[in-house]
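User: Hi! Could you walk me through this one?
Analyst: Happy to, here it comes.
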Amino acid sequence: LIKETQIVNLLNINGSNLYLGKDAVSEADSVMDNSFVKQNKRFDFILDTKNQPVKLKNGEVTVPLYHMQKYDLKIGDTISVKSANYNQDFVIKAFTRDSIMNPSIINSKRFLITDYDWEAMHQKIGEIEYMIEFQVHDLEQVSELEKLYQMDAQMPKKGSLMTHSLVQDINSISDGITAAVIILIALLFMLIALL
């Protein structure tokens, strides 16, 4: 059933250690789980706003669109990761779309850094979380793979399962809410015009 597989190492950083925006606001009060990752090698690439996989130099970072909008960030701004034994500023190189974690209703976001910066950060701060990813030859086989994984294969089961259809549904809900708000505003304008 499986065309490709990979294990993604997410380096989870506590919100109180992540500072964003011109006022260097801590993410301590945020509900978002922020993770720093390396660029994937096979699939599920972190993409820029032109849908191209991002390549970085040491000291650069990509920031999810969610944070760009929330903090009014620009290319060239800096973000900081600070703790008692780690203090690093990163320059924003790009804003990124994430095939899995892009919608704002998903409370996990991925920041992309170089392999070198990731290893340096991993030595000093954060907790590792693993995301096991599969691509199937045929999308009709996703439910079969899900059953095999959960019931028959003795594979790790901690955490949430994100299937292709679930990602599509979440993206549809996010777009649907936006569309509903725009339609509601248009109807209000029509009502005002009629009055």
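User: Where is H67 found?
Analyst: H67 is found in helix 1, residues 65-71 (helices are DSSP runs of H or I with at least four residues, strands are runs of E with at least two, numbered from the N terminus). This is a predicted model, where local features need pLDDT of at least 70, side-chain atom pairs count only at pLDDT 80 or more, and totals for chains, interfaces and linings use all residues. Residues are numbered from 1 along each chain as its sequence is written, and side-chain values use heavy atoms, leaving out hydrogens and water.

User: Is H67 buried or exposed?
Analyst: H67 counts as buried because its relative accessibility is 0%. Buried means under 20% relative accessible area, exposed means over 50%, and partly exposed is in between, using a 1.4 Å probe and protein chains only.

User: And what does H67 touch?
Analyst: Leaving aside residues up to four places away in sequence, H67 touches L20, E27, N34, D72, L73, K109 and F111 (contact means heavy atoms within 4.5 Å).

User: How far apart are H67 and M32?
Analyst: They are 35 residues apart in sequence, and 10.0 Å apart in space from C-alpha to C-alpha.

User: New topic: what is the phi of D44?
Analyst: D44 is not a glycine, yet its phi is positive, about 55 degrees. D44 lies in the loop between strand 4 (33-37) and strand 5 (47-48), and counts as buried because its relative accessibility is 11%.

User: What about N51?
Analyst: N51 also is not a glycine and has a positive phi, about 60 degrees. The loop between strand 5 and strand 6 (60-64) holds N51, which counts as partly exposed because its relative accessibility is 46%.
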